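Subject: Structure for you to look at

Dear colleague,

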Amino acid sequence: MSTATLEPRVHAPRNYLNADYGWKSWLFTLDHKRIALLYLISVTFFFLVGGSFAVLMRIHLTEPQGALVQPETYNKLFTLHGVIMIFFFLIPSIPAVLGNFLVPLMVGARDLAFPKLNLLSWYIYIVGGMFTLYSAIAGGVDTGWTFYTPYSSTYSNTQVTAVAIGVFVTGFSSILTGLNFIVTIHKMRCPGLTWFRMPLFLWSMYATSLIMVLGTPVLAITIFLLALEHLFHVGIFSPALGGDPLLFQHLFWFYSHPAVYIMILPAMGVVSEIIACFSRKRIFGYSIVAFSSVAIAVLGFLVWGHHMFVTGQSVFAGLIFSLLSFLVAIPSAIKVFNWTATLYKGSISYEAPMLYAMGFIGLFTMGGLTGLFLASLATDVHLNGTYFVVAHFHYIMVGGAVMGYLGGIHFWWPKISGRKYPDMWAGIAAVIIFIGFNLTFFPQFILGYLGMPRRYAFYPAEFQVLNVMSSAGATVLGVGYLIPLIYLIWSMRYGPIAEPNPWGATGLEWTTASPPPTENFAEIPVVTEEAYAYGPKEGSGD
Amino acid sequence: MQSMPFQPEQASSIAKSVDELYLFLTLVTVFFSALIFSVIFYFMIRYRRRSPDERPKPIEGNFPLEVLWTTIPTLIVAVIFVWSSMLYFKNAEAPKGSMEIFVTGKQWMWKVEHPEGQREINEVHVPLGRPVKLTMTSEDVIHDFFVPAFRVKKDVLPGRYTSLWFTATKVGTFHLFCAQYCGAFHAGMIGSIIVQEPDEFERWLAGGTPGESMEQAGEKVFQSSGCSTCHTPDGAGLGPSLLGVYGQPVKLTTGETVTADDAYIRESILLPKAKIVMGYTPIMPTFQGQLTEEQLNDVIAYIRALGKSQPKPKEEGKQ
Amino acid sequence: MSHPIVPQKTYILVFLCLIGLTILTTGVAFIDLGAFNTVAALVIAFAKMSLVILFFMGVRSSSGLVRIILIAGFFWFALLVAFTMTDYHTRTWTPVPQAWSSGAPPTHP
Amino acid sequence: MTDAESHAEKGMAHQFEDLDQQHDADMLGIWVFLITEIMFFGGVFAAYAIYRWMYFSAFDGGSHILDIRLGAANTIVLLGSSLTMVLSVRAAQTGNRRSTVLFLIATMILGGIFLGVKGYEYHQKFVEHVVPGLDWAPEGKTLALLAPGGVQHAQIYFIFYFAMTGLHAIHMIIGMGLLLWLVLRARKDAFTPHYFAPVEVVGLYWHFVDIVWIFLFPLLYLIGGRY
């Protein structure tokens with residue numbers, strides 16, 4: 001609620017922040033920008049909770065026998081770290097914060113199509129979060145965020161039901177957000193804004209929404225069946241009673257693999273905006289980048305079986321899933337090449353958002369390429385379930401999605417808050433995060449190849465050196481994350497007032513005031529040119 | 001133990017080929033990462049903003065270039081896919097005549113049984129240079145049998161058998177890990193694979209505690225659990241005789257015919273009412289939870305022996 | 001933008017068709033068609049669903065976008081079932097491990 | 001779905017330019033929602049398909065416990081409610097408030113009958129002791145029907161029976177709540193021939209729930225035939 005206490009600026013024009021005061025004006029708001037801020041505060045809270053679990057884990061793993069907690073507690077730490085980071089931070093981060101704020105602005109509308117559903121989605125998210133936090137307080141849960149049966153359904157006597165309800169409930173928040181975006185992008189674009197004039201961020205939000213809408217319900221029903229099995233022991237997934245535990249994995253990964261694309265596609269959209277702005281260039285191969293987002297969303301649904309190569313899935317199914325997993329790498333590669341080519345003959349400046357975007361490209365490239373090791377059957381047999389996997393998905397989710405999220409927050413912060421942050425500190429933080437991230441997770445690739453399995457509370461002594469390196473890196477990374485938190489909060493009160501378009505960017509969101517008025521635009525804008533008209537003609541677009 | 005810090009030991013016949021693919025993938029990764037990094041660095045310096053009003057000329061894109069950088073990754077992943085799938089399929093099936101070992105996963109230990117009757121816990125003795133096939137199952141949750149030095153891994157599932165195989169190429173002791181999270185002491189579900197010279201292995205097999213063979217153990221369970229009171233050899237009991245049944249077709253009350261293989265016997269013990277033999281009533285109680293996986297396997301081994309070593313009985317069961 | 005107003009008669013006719021199909025599907029269950037019973041039941045269910053979607057839900061006169069969305073929904077469901085089934089149906093293509101699969105009884109010294 | 005009090009045109013929300021755009025958005029919204037519903041039920045249908053394939057005879061046996069007459073009758077009741085629903089939408093479209101309300105109430109009554117019959121069937125399952133997890137002890141004739149296919153696996157059939165019909169019934173109850181809300185709004189004259197999207201949206205939802213049942217009936221009641 002800290003933003004609610006923003007000091008009213010006497011001379012400030014009316015905007016969405018000072019339009020109304022008091023907690024009611026926030027908790028019952030239908031303004032997409034205020035709801036975005038509600039989400040911003042809540043995902044930051046969950047990020048800090050999930051992050052503190054990660055810190056505890058890394059401290060624990062500095063010694064082979066475990067330095068801090070009992071193995072049972074360690075298992076609860078990594079489970080809650082996973083559940084909170086995935087369902088309560090990464091999935092809502094860019095869509096529900098930046099997407100909520102920007103989609104109506106970018107399409108030139110006064111709000112999303114369904115503002116009440118939008119507010120409802122935040123409440124649903126909070127209810128889901130409460131169940132999850134309750135489970136943490138009431139003793140924790142130790143199934144891993146993947147909830148594999150029959151361990152979760154029959155053998156674990158921790159708070160499985162509470163977490164299952166939490167994840168089930170929060171899924172609907174994601175569904176409503178996706179639904180709202182799809183309808184808004186289809187039906188509420190302002191005059192002149194054709195599909196191929198849309199900023200790439202909108203394309204990526206559209207692709208993300210497709211996954212949210214098509215995938216999340218399957219997770220919901222799977223978790224529902226899991227809860228039934230956990231409560232009644234009737235044999236849905238329990239082999240002792242005739243059920244098949246692999247069926248749970250199929251249904252679970254049908255959503256949970258595409259969920260990775262829910263995290264990474266929005267970050268790709270953010271990076272497209274940032275690169276175009278800070279190199280003052282149209283995105284190279286705009287339509288190909290746009291289509292590759294949709295291709296990733298569609299193909300991403302057909303690769304889930306690569307999580308199950310060693311589980312006793314049929315080898316032929318494995319073959320198909322391996323092939324499709326390789327195919328989904330191609331649109332990602334195309335995007336990276338196009339971003340790089342965008343820089344060619346540009347006019348590049350190095351403000352903080354650009355540093356994050358460059359960090360994103362580097363880390364995402366490595367994360368993507370190491371994915372090939374896991375899509376390939378023969379090497380996956382060795383690497384599956386080891387720290388290699390942990391390193392790989394952290395390169396994608398933290399190196400990719402979180403870098404993109406932070407880049408986006410820095411890019412649009414002047415628009416969101418109406419204030420500027422100290423660019424030097426932002427640059428320092430970006431570099432610290434990049435270094436800390438690599439120190440933390442690169443050693444884990446080697447650990448995994450050497451054979452250290454994930455989710456181990458203690459480990460053979462020969463793995464200690466690399467684990468200590470990783471923990472040291474985590475310290476740097478943790479510090480790196482705290483710096484933006486401090487200066488962004490500082491800037492809300494003391495930062496210099498931001499002009500409507502501080503970066504000289506194109507895009508409708510920069511044509512209105514910073515922060516925007518409640519109705520977004522004094523008059524519904526009309527678009528007359530393509531996105532990213534940074535060319536020399538001094539376009540009238542902004 | 002590990003002298004090379006960046007590579008696990010290569011101690012099986014397939015390890016080298018997996019490492020070659022791994023190396024190739026690493027080279028691809030390093031090459032493309034370096035390419036992207038250096039191009040970005042070059043562009044960021046070469047095209048840095050020199051004056052605030054700079055307005056570079058827009059570039060739409062370049063279709064041939066797009067085709068090029070779609071084709072090249074496609075070709076590379078095609079190569080990797082074919083290479084890795086061939087390797088995987090080559091390594092999927094155990095060679096004929098592999099030595100067999102039975103492994104049961106249980107929270108949080110590995111129980112190992114050799115056909116000769118030797119039993120061990122969290123240790124697997126194997127001979128050098130001979131293909132060994134592990135048949136595995138779990139008594140509770142999903143585990144995973146993982147030997148990094150051999151580059152093999154397979155989930156161990158409850159209610160089902162999975163298998164993996166390897167040929168050890170180095171004498172020594174190697175890590176055995178559980179690689180599928182299985183509960184509180186998942187990290188403690190580790191053990192060692194002990195590779196010995198063949199003659200040394202034979203000595204080990206013969207020596208130590210001379211355990212009884214699986215079928216001997218199975219016979220004991222068969223008696224002590226009361227199976228023998230109904231399943232009498234002459235077929236006069238309440239249940240069908242099990243002589244000569246193994247591997248033969250069995251007619252069911254539903255009219256279907258099934259083969260009395262391991263899966264059927266296992267099901268009949270655990271879920272006796274699922275498939276009733278023609279002419280008998282579903283009165284057998286379930287032995288679910290009363291027999292351990294090991295005992296179950298022993299009984300199956302015993303029934304198998306009944307099927308092989310006895311002549312086929314007269315056609316008295318057909319009604 | 002609203003749909004054209006459909007005469008009541010059409011709706012009632014569709015309803016009667018649906019009743020007829022319900023009776024048909026129940027009746028077919030009493031005839032032995034072997035595996036074809038399942039096929040018949042599903043085909044009739046699809047026919048009923050099509051009637052409801054086209055007439056009651058008005059897809060007959062709705063925009064292409066709605067049709068695409070609807071088809072996408074069914075297509076995704078088909079993907080889920082098809083890919084999962086691929087695993088189950090091909091598991092037995094390779095030898096299924098058994099307790100001692102080589103067939104050779106355990107030899108003992 | 002959306003309504004704002006103070007606006008030029010009746011029923012229009014502030015974020016839209018005109019009623020047409022709003023109507024389009026509402027329609028697209030409900031259709032997108034319905035495909036999430038397809039995937040929601042899709043997950044449990046997929047699981048059902050796999051177990052039915054694995055344990056066909058057990059599912060066959062379980063299916064024989066159900067009363068095919070009640071299932072068929074309920075199908076017809078539900079189809080009837082779809083008819084009254086669509087007629088209610090039509091009445092709203094033509095501006096006939098009285099018929100709109102009457103048809104909505106008729107839909108609710110038919111929905112109530114459906115739920116009543118369903119409740120009776122659930123009760124029967126308790127009488128026959130075929131409720132997995134709560135009361136599972138089939139005996140006598142019931143056991144004789146289940147035994148050939150395997151009693152244990154019939155339990156899986158019944159958990160799917162309860163999960164699928166239960167989820168369907170929850171959707172019905174939500175639908176009845178929405179219908180009640182529509183009745184109250186319609187009585188206040190909230191709808192016009194230009195603005196009746198809420199009726200249409202709830203109607204589409206109701207038809208979807210009907211479609212789910214169209215599949216549940218053959219998949220649960222008609223396995224294996226009754227010859």
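This is a predicted model: local features need pLDDT of at least 70, side-chain atom pairs count only at pLDDT 80 or more; totals for chains, interfaces and linings use all residues.

Residues are numbered from 1 along each chain as its sequence is written, and chains are lettered from A and ligands numbered from 1 in the order in which they are written.

The sheet in chain B is an open one of 5 strands with mixed pairing, in the order β4-β10-β9-β6-β7. Helices (H or I, at least four residues) and strands (E, at least two) are DSSP runs numbered from the N terminus, and two strands pair if DSSP finds at least two bridges between them. Because β4 (123-127) and β7 (152-156) of chain B each have a single partner strand, they stand at the edges, and one side of each is left without a neighbour in the sheet. On average, neighbouring strands of this sheet are turned by 20° against each other, direction ignored; here axes are lines fitted to C-alpha atoms, for helices over the stretch in contact, and angles run from 0 to 180 degrees between N-to-C directions.

Strand β10 (residues 191-196) of chain B runs parallel to β4(B), to which 5 bridges join it, and pairs with β9(B) in the antiparallel sense, also over 5 bridges. In β10(B), I193(B) is the bridge partner of V124(B), and F174(B) stands opposite I193(B) as well, whereas H125(B) stands opposite I194(B). A residue is buried if 20 or more other C-beta atoms, placed from the backbone, lie within 10 Å of its own, exposed if 12 or fewer, and partly exposed in between.

The contact between chains A and B takes 73 residues from chain A and 70 residues from chain B, where two residues are in contact if their C-beta atoms, placed from the backbone, lie within 7 Å. On the side of chain B that touches chain A, the elements giving two or more residues are α1 (15-46), α2 (63-92), β6 (143-147), β7 and β9 (172-178) of chain B. The contact of chain B with chain D takes 6 residues from chain B and 7 residues from chain D.

In chain A, helix α7 (residues 200-232) has 33 residues, of which 30 are buried, and reaches 48 Å from its first C-alpha to its last, close to the 48 Å expected at 1.5 Å a residue (the expected span is 1.5 Å times one less than the number of residues). After α7(A) comes H233(A), whose phi is positive, near 50°.

G318(A) lies in helix α10 (residues 315-343) of chain A, and counts as buried because it has 25 C-beta neighbours inside 10 Å. Leaving out residues up to four places away in sequence, G318(A) touches G305(A), F309(A), Q313(A) and L377(A).

With best wishes
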